[in-house]
Amino acid sequence: MEINKNKPPRLFLKFFRWFCHPELRNSIEGDLMELHSERARGMGKRTADMKFIFDVLLLFRPGIIKSVKQINTLNQSDMFANYIKIAFRILVRNKGYSFINISGLAIGMAAAMLILLWVQNEISYESFHPKADRIYKMYSRDENNGRIDVWGNTPALMAPELKQSYAEVEDAVRHRIVYFLVKVGHDHFNEMGAFADPGFLSVFGFKLLKGKTDALSNDFGAVLSKKLAIKLFGTIECLGKTVMVNDTDNFTVTGVLDDLPLNTEFEFEYLLPWNYVTRLGWDRGQTWAYTNAATYVLLKEASSPGAFDSKMTGIVKNHIKEGDGSTREVLAHPLTKTHLYSKAENGKLTGGKIETVRLFSVIAGLIILIACINFMNLSTARSEKRAREVGVRKIVGAYKSSLITQFISESILLVTIAFVVALALVQLSLGLFTQIVGAPLHIQFTNAQFWLYAIGLIIFTGLLAGSYPAFYLSSSRPIKVLKGTYKKINALVTPRKVLVVAQFTFAIVLSICAIMVQRQIQFAQDRDSGYNKSNIAYNFMQGEIPTHYDLIKNELLARGAAVSVTRTYSPITRIWNTINELTWQGSGESDRKTNFLLYGADADMTKTFGMRVKLGRDIDIKTFPTDTAAVILNEAAVDIMRLKDPIGEIIKDSNGTSWHVVGVVKDFIIESPYERISPMIINGWRDRYGVVNFRLNPANDQVKNLAETEKVFKKYNPEYPFEYFFAEEYYNRKFGNEKQTGTLASLFAGLTIVISCLGLFGLAAYMAESRTKEVGVRKVLGASTTTIATLLSKDFLKLVIISILVASPLAWLVVSNWLKSFNYRAPISVWIFVESGLVAIIIALLTVSAQAVKAAAANPVVSLKSE
């Protein structure tokens with residue numbers, strides 16, 4: 001006891017050990033301790049302590065103090081090791097708390113990484129071209145039915161003039177998709193290709209495996225993809241070999257391209273010289289009014305894109321003084337933005353996929369924030385236990401900055417562990433996620449940039465999650481802590497409650513949005529399409545099909561494979577042409593600007609598609625030869641033309657061609673199911689049919705029907721493979737983008753709820769643990785298990801209800817703003833908010849009640865035995 005009584009002041013002894021040079025420390029410390037002991041015996045403990053302090057302060061001088069470099073090096077290394085050691089001990093000691101924190105952070109970081117991988121893929125489109133920053137795609141812009149439309153085709157005549165007459169242009173190239181039969185010996189494939197100008201491969205950065213960038217300069221040269229070259233020749237070593245195109249023309253292989261990367265909008269398996277368009281006669285009658293080519297411009301390095309855009313805006317109007325195209329403008333759009341910015345608003349490309357990318361980027365950030373809120377809440381909830389540790393540290397001389405550093409270090413360590421778990425989760429889920437987004441995503445572990453971003457994510461998340469607990473805990477006052485008066489348990493508003501409300505608010509908002517996206521999709525799917533999609537298949541009219549169409553139709557019906565057959569200009573799910581500058585009796589000058597969808601059909605169109613004829617009859621060129629000049633209108637066309645008795649009405653185009661109306665059909669959806677149905681004219685173009693449509697016999701097995709159909713097509717068109725497409729499948733693809741958004745929103749809404757519930761579970765468990773004595777007293781005084789469970793649960797339930805009240809108007813704003821982009825949109829029902837709120841309450845109750853009931857059912861003797 002005497003020894004303990006004569007110990008010097010601990011704080012100043014530690015201070016001495018810290019500043020004293022290591023080589024002098026032992027001898028000086030021994031002298032100080034011996035001197036203090038003698039003084040304590042002769043003068044008393046207080047006087048000895050005062051003299052000890054004075055001696056220590058006198059020793060704080062050069063010669064005894066170790067160098068600053070030594071202090072910093074030893075101090076920092078020791079402190080860092082100490083922080084890590086303490087952090088690991090805390091993690092191991094509080095396994096449940098650590099599991100909840102690591103799980104929440106890992107799920108949040110994994111979700112954010114998946115989103116960011118998808119976002120990175122979306123924003124990387126076309127960026128692989130070396131000259132991408134100087135390449136611009138030309139778009140046409142014109143007024144259409146009272147709105148300004150923008151589309152990605154321009155006149156084929158424009159590219160040569162841009163190259164010749166505009167000094168800013170280094171090169172201008174055209175691109176036009178085409179389907180041809182490609183044949184080598186007995187191997188033939190019906191593949192998508194494209195016409196392109198000679199400079200196409202110099203402008204763009206598609207990787208050439210064989211040949212040079214001038215491969216398209218040869219009028220009889222063809223460039224193949226690696227995939228098609230192997231199909232045709234079994235190797236990419238095929239330069240100089242001959243391939244037959246369109247079953248009539250021979251081309252020499254002048255180049256082989258590597259298969260196109262997945263982050264490009266271009267699709268083709270071969271390239272043919274643009275001059276082939278002329279040889280085919282497809283450019284006869286070509287004018288500046290026809291927008292049938294995609295045009296790309298490579299600007300010179302010193303050129304100003306803005307100045308060039310302003311300069312060439314009126315290039316079409318300069319060539320068309322009146323009629324169709326006389327008001328049309330052209331705008332230049334950066335190549336790297338064509339994927340993300342494809343939606344026009346007021347004549348400018350400002351929206352599109354970029355809106356979804358921005359939305360999910362925000363969601364990724366908020367998911368990380370929710371996971372961090374879990375850490376903050378659980379750290380501050382445990383503040384009573386950690387506060388005693390902080391109080392003792394402060395009393396022995398710890399600075400606030402060192403405490404903050406310790407807590408931040410603990411946070412970063414925990415986030416690092418969570419990141420490793422998150423990487424494993426991402427790798428496990430990438431397969432499923434790539435199916436959802438339709439893009440093969442992967443983590444580039446060998447890329448230094450990835451690890452740089454990973455370290456940044458860890459530090460950012462660690463600081464975000466650990467900053468509030470660090471400042472909160474380090475600000476505690478030692479006197480209050482050690483007296484037990486540190487916490488204010490019953491405060492009406494606390495940061496922890498605010499964070500829980502914020503957490504559940506976001507989860508509920510995202511849940512409501514996910515439900516509304518699904519409602520909008522279902523609303524559009526339930527919309528009457530105007531025709532019967534079931535069992536409709538089609539085949540493109542290639543090779544000998546146009547010549548033998550009547551024989552094919554008759555044999556399909558005779559074999560019982562189909563119950564009806566018709567030919568049309570395009571598939572029933574797509575529109576390939578539009579027309580304006582039309583006049584009719586009673587039309588005015590403003591009506592000439594009305595844009596009509598232009599469709600072509602022959603006999604049995606309404607029967608094959610299951611359309612409803614409102615007035616008149618179907619077009620039938622065989623029975624009525626004059627039907628080559630006949631048209632059918634849809635209801636929207638009748639309305640916009642203000643026709644009271646449309647049958648027999650004469651319609652004229654800008655070339656003076658006259659058509660007579662023979663029928664009216666009920667409106668049917670050929671464009672987007674989310675938009676208003678546009679006015680349509682259906683005529684009988686004998687030489688412009690592109691598709692054979694057949695309704696398969698529902699009385700037979702579909703496989704049998706298709707087998708019989710293939711026999712017929714092979715009989716009359718043996719050189720071409722039989723390829724068929726189902727109208728219903730392609731109609732359903734119109735919902736693809738919204739379905740993807742809905743699936744992603746549902747997925748991440750579910751994850752946010754899981755993360756929020758993990759945090760809520762941890763808080764409930766800790767609150768139940770901290771109130772064990774209170775629960776014991778209440779049970780002794782007669783409170784039932786139900787009463788106590790309700791008492792422990794109601795505080796959390798109040799927070800969830802507040803979250804619902806905050807989330808509902810926010811979700812309404814988000815949903816209503818999103819729905820504005822659709823003309824045909826589902827109503828926002830109040831029941832969506834009620835259902836989402838009830839689900840949130842039920843999930844929260846299930847999460848909290850387990851801990852509440854467990855605490856309420858505990859034996860009070862155990863919690864009160866020490867009292």
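1. A residue is called buried when its relative accessible area is under 20%. In this predicted model, Phe694 has a relative accessibility of 0%, so Phe694 counts as buried. Phe713, at 3%, counts as buried too.

2. Across the whole structure, a search finds 46 aromatic pairs. One of them joins Trp118 and Phe360 in an edge-to-face arrangement, with 5.9 Å from centre to centre and 85° between the planes. Trp118 belongs to helix α6 (residues 95-123) and Phe360 to helix α12 (residues 353-381); the pair links distant parts of the chain, 242 residues apart. Trp118 and Phe360 are both buried.

3. The two residues of point 1, Phe694 and Phe713, also form an aromatic pair. This pair is tilted, with 45° between the planes and 5.9 Å from centre to centre. Phe694 is in strand β24 (residues 691-696) and Phe713 is in helix α21 (residues 702-716), so the pair ties together parts 19 residues apart in sequence.

4. Aromatic residues also occur in a cluster, made up of Tyr531, Phe609, Phe668, Tyr674, Tyr731, Phe735, Trp818 and Phe822. Over the ring of Tyr731 sits the charged end of Lys533, 4.5 Å from the ring's centre. Elsewhere, Arg617 lies over the face of Phe624, 3.9 Å from the ring centre.

5. On the surface there is a nonpolar patch formed by Val830, Trp831, Val834, Leu838, Ile842 and Leu846. Together these residues have about 620 Å² of accessible area. Leu838 is part of helix α26 (residues 830-856). Is Leu838 exposed or partly exposed? Its relative accessible area is 49%, so Leu838 is partly exposed; exposed would require over 50%.

Notes:
Residues numbered from 1 in each chain as written. Predicted model: local features only at pLDDT ≥ 70, side-chain atom pairs only at ≥ 80, totals over all residues. Heavy atoms only, no water. Patch = residues over 30% accessible without salt bridge, like charges linked within 9 Å, V, L, I, M, F, W, Y side chains within 5 Å. Areas by Shrake-Rupley, 256 points an atom, 1.4 Å probe, with all protein chains shown as cover. Salt bridge = Lys/Arg side-chain N within 4 Å of Asp/Glu carboxyl O. Helix = DSSP H or I, 4+ residues; strand = E, 2+ residues; numbered from the N terminus. Buried < 20%, exposed > 50% of the residue type's maximum accessible area, 1.4 Å probe, protein only. Phe/Tyr/Trp six-rings, centres within 6.5 Å; stacked < 30°, edge-to-face > 60°. Lys NZ or Arg CZ within 6 Å of the ring centre and 35° of its normal.
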